[in-house]
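Reader: I have the sequence and the structure open. Can you walk me through it?

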Amino acid sequence: MAEKPRIRLPKQAGKGEIVEIKTLIAHSMESGQRKDSSGKLVPRKIINRFACAFNGKPVFECELEPAIAANPYLQFSVKVEESGLFSFTWTDDDGTVITAEEKITIA
Amino acid sequence: MRTISRRDALLLIPGLTALALSGTAEPLQATPAEATTEIGRFTGGKTAESGKIALDLPEIAENGNSITLSFDIDHPMTPERHVTEVLVIADSNPSPRVATFRFTPMSGRAAAATRIRLAGTQAVTVIAKTSDGKLLVAQRQVKVTVGGCGG
């Protein structure tokens, strides 16, 4: 996965504003149910966890199952009271952790 | 993504039931009973209130591989009272669990959206737990024309 995760969130917000964050990461999300061309079952390999923290504090987290579509899209909200740094992590079944960060400023 | 079609899975059920019970392989199709068990684990058998979760899912999905699901829960998100956990269940997928979302007061709103896979026409249930021990629920039936097996 050389591609960076894509994140959409405003660069600025008012104090106490609830901002909507949209994230997208490229990943085939192999469910473990699919058979390849030779009829063999392709083993499960998915992003099983996503977490978002703001200034080091956990805000939102989800456990993903094979029923989440390929290229997992996740949209959620965060109430921002101060300027700071969002950190996002995606965890693969194989232990790989993909991270990204975005700043936000309180206008 | 290709998964076994519901039709094919139904033909194989007698053998699969044995596999499922032995725990050595994933059942190719969960039954609504398994979904109920999963929901029961989450709710501890307590009743859940409906009408507080706005659950958005298409009535008919052309492609079972990517179906947009979004929910928005009518509930405060204060440190004293907030939604803590939300479980999404699909009652006839190979495995009923779709996702578990965890919110904090900093979430501002107990709302989220994602894209899911449905192996065929079935009910999707969203259950929420609140910090003061209440349960909220919503359910939608989704007709899937081309299941996550590509037809």
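Reader: How many bridges join β3(A) to β6(A), and in which sense do the strands run?

Author: This is a predicted model. In it, 8 bridges join β3(A) to β6(A), and the two strands run antiparallel. One of the pairs puts Glu17(A) opposite Val80(A) in β6(A).

Reader: And which sense is the pairing of β1(A) and β3(A)?

Author: Antiparallel, over 3 bridges. Arg8(A) has Lys22(A), in β3(A), as its bridge partner.

Reader: What order do the strands of the open sheet have?

Author: The order is β1(A)-β3(A)-β6(A)-β7(B)-β4(B)-β2(B), 6 strands with antiparallel pairing. The sheet therefore takes strands from chain A and chain B, given that order and the rule that two strands pair if DSSP finds at least two bridges between them. At the edges are β1 (6-8) of chain A and β2 (53-56) of chain B, each pairing on one side only.

Reader: What does the twist average from one strand to the next?

Author: 15°.

Reader: Where the chains meet in that sheet, how many bridges are there between β6 of chain A and β7(B)?

Author: Strand β6 of chain A, residues 73-80, pairs with β7(B) over 3 bridges, in the antiparallel sense. Gln75(A) stands opposite Ala113(B) in β7(B). Phe76(A) has Ala112(B), also in β7(B), as its bridge partner.

Reader: What pairs with β7(B) over 7 bridges?

Author: Strand β4 of chain B, residues 67-73, again in the antiparallel sense. There, Asp72(B) is opposite Ala111(B) in β7(B).

Reader: Why is β7(B) described as largely enclosed by the rest of the structure?

Author: Because 6 of its 7 residues are buried. The cut-off for buried is 20 or more other C-beta atoms within 10 Å of the residue's own.

Reader: Chain A now. How many helices and strands?

Author: Chain A has 0 helices and 8 strands. From the N terminus on, its elements run β-β-β-β-β-β-β-β. Its C-alpha atoms fill a box of roughly 55 × 25 × 20 Å along the principal axes.

Reader: What share of chain A counts as buried?

Author: 32% of its 107 residues. As for contacts in chain A with a separation of 6 or more, 56% of them are between residues 24 or more positions apart.

Reader: Is Asp36(A) buried or exposed, and why?

Author: Asp36(A) counts as exposed, because it has 9 C-beta neighbours inside 10 Å; the limit for exposed is 12 or fewer. Asp36(A) lies in the loop between β3 (17-24) and β4 (47-54) of chain A.

Reader: How far apart are Asp36(A) and Ile68(A)?

Author: They are 32 residues apart in sequence and 20 Å apart in space, C-alpha to C-alpha.

Reader: What does Val88(B) touch, not counting residues up to four places away in sequence?

Author: Val88(B) touches Leu69(B), Val98(B), Ala99(B), Val124(B) and Val126(B).

Reader: Last one. What span does helix α2 of chain B reach?

Author: Helix α2 of chain B, residues 32-43, has 12 residues and reaches 16 Å from its first C-alpha to its last. That is close to the 16 Å expected at 1.5 Å a residue.

Reader: Which residue follows α2(B)?

Author: Gly44(B), with a positive phi near 65°.

Key:
Residues numbered from 1 in each chain as written. Chains lettered and ligands numbered in written order. Predicted model: local features only at pLDDT ≥ 70, side-chain atom pairs only at ≥ 80, totals over all residues. Helix = DSSP H or I, 4+ residues; strand = E, 2+ residues; numbered from the N terminus. Axes fitted to C-alpha atoms, helices over the stretch in contact; angles between N-to-C directions. Contact = placed C-beta atoms within 7 Å. Expected span 1.5 Å × (residues − 1).
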